[in-house]
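The following report describes selected packing and pairing features of one protein model. Please read it alongside the sequence and the coordinates.

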Amino acid sequence: MRQTKKAVLILEDGTRFEGKSFGYEASTSGEVVFNTAMTGYPESLTDPSYEGQVLVTTYPILGNYGVPPEREKEQVSEFLESDHIHARAIIAQDYSYDHSHWQAARSLGDWLKEQHIPGIYDIDTRALTRHLREKGSMLGKIIVEGCGDVEFYDPNKENLVAKVSTRQVETHGDGDKTVVLVDCGVKHNIIRCLTRRGVKVILVPWDYDFNQIDYDGLFISNGPGNPDMAQATVDNIRKAMETGKPICGICMGNQLLSKAAGASIYKLKYGHRSHNQPVRRIGTDKCFVTSQNHGFAVDSDTLPEEWETLFVNMNDGTNEGIRHKTKPFFSAQFHPEASSGPKDTEFLFDEFISLL
């Protein structure tokens, strides 16, 4: 019989969920959020947008297909979305100690231990998710038996974009056209999607003044936390808008482009984190199933006259993208590169490349 240590999740409102530890044995804290995807835990854990968060998986089984190798090709991970786990911890209903997948290099539990990330299972994740939907995302802490208490930690009070962004300028791929990619917490599949389309990508830090670079198009990445913390990026985007060169943003990039345009951002009650968010392209009857991971949204009512909503969420009516009415500027709140999730909207990369 396996010997497992007890672990408890304590939410800031005092609600407790008792379970068992299967990852690194340490206490931790962060913002507790849920993701309704059925697969993709290696990609989600390494997504920088989960920095500072405790990830609850609603799908009842976790770990059944293990974890792929940490293999890189030209400084970009082949299977993961960054070079390490960003989530503070992961919570599941049931953990599969026996994994099976042709690509698996090790178990999820072993990977969590290597990366010093706690994992809990035997939690009623349905009850936990219902609680978070009713009350909203909230702070929580995980106390593992014998590891001592910790303080609650609110990641939204910290500049998480600065924490996860690259510290230096990097070049990826090659081509006649050059795209500046602002790293606010970029997922590696965004780099893969751009370089696959034959462009040279210059990856720059979140606060780098990229306007000094000779480029053909600007791309603003996803990222974690509160977009109000990335004012330096907004200021640089405003300068770039004056040149009229094509601009595209994803997730955090949608929010930062909207702020540069003059719109307001607000925090969602519990965010969108899943593979099945339906969005409709405004002016058409076309709907797409999208992968999403964000806790903030653009207030469409605050968009200036020369801007308009590009996509809308069919579940709650929230903004899912914007575009300028006359200039080549547009963005998506969802993830067209997915990874993990459906890639129904990867054509947005083609639309951006066609503008260069």
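Leu55 has Ile90 in E8 as its bridge partner. This is a predicted model, in which local features require pLDDT of at least 70 and side-chain atom pairs count only at pLDDT 80 or more, while totals for chains, interfaces and linings use all residues. Residues are numbered from 1 along each chain as its sequence is written, and side-chain values use heavy atoms, with hydrogens and water left out. Helices (H or I, at least four residues) and strands (E, at least two) are DSSP runs numbered from the N terminus.

E4 and strand E8 (residues 89-91) pair in the parallel sense over 3 bridges, where pairing requires that DSSP finds at least two bridges between two strands. Strand E3 (residues 28-35) also pairs with E4 in the parallel sense, over 5 bridges, and Phe34 stands opposite Val56 in E4. In a regular strand the side chains alternate between the two faces of the sheet. Both faces of E4 are covered, with Gln53, Leu55 and Thr57 buried on one side and Val54 and Val56 buried on the other. Because 5 of the 5 residues of strand E4 (residues 53-57) are buried, the strand is largely enclosed by the rest of the structure. Buried means under 20% relative accessible area, exposed over 50%, and partly exposed in between (1.4 Å probe, protein chains only).

In helix H2 (residues 108-115), the residues Leu108, Gly109, Trp111 and Leu112 are buried. They cover an arc of only 160 degrees around the axis and therefore lie on the same side of H2; the arc is that of the directions from the helix axis to the C-beta atoms. The buried residues of H2 pack against helix H1 (41-45), strand E5 (61-62), E8, strand E9 (94-95) and strand E10 (119-121), with contact meaning heavy atoms within 4.5 Å. Just after H2, His116 adopts a positive phi of about 60 degrees.

Helix H3 (residues 125-135) has Thr125, Leu128, Thr129, His131 and Leu132 as its buried residues. Their arc around the axis is only 160 degrees, which puts them on the same side of H3.

## Helices H6 and H7

Helix H6 (residues 231-241) packs on helix H7 (residues 252-261) at an angle of about 65 degrees, with the axes 9 Å apart. Axes are lines fitted to C-alpha atoms, for helices over the stretch in contact, and angles run from 0 to 180 degrees between N-to-C directions. In this contact, Gln231, Thr233, Val234, Ile237, Arg238 and Met241 of H6 meet Leu256, Leu257, Lys259, Ala260 and Ala261 of H7. The contact residues divide into 7 nonpolar, 2 polar and 2 charged. Here Ala, Val, Leu, Ile, Met, Phe, Trp, Tyr, Cys and Pro count as nonpolar, Asp, Glu, Lys and Arg as charged, and the others, Gly among them, as polar.

H7 lies across E17 and E18, running at about 60 degrees to E18. An open sheet of 3 strands has the order E18-E17-E20, with antiparallel pairing. Its edge strands, strand E18 (287-298) and strand E20 (311-313), each pair on one side only. Strand E17 (residues 265-281) and E20 pair over 3 bridges, and Arg280 has Val312 in E20 as its bridge partner.
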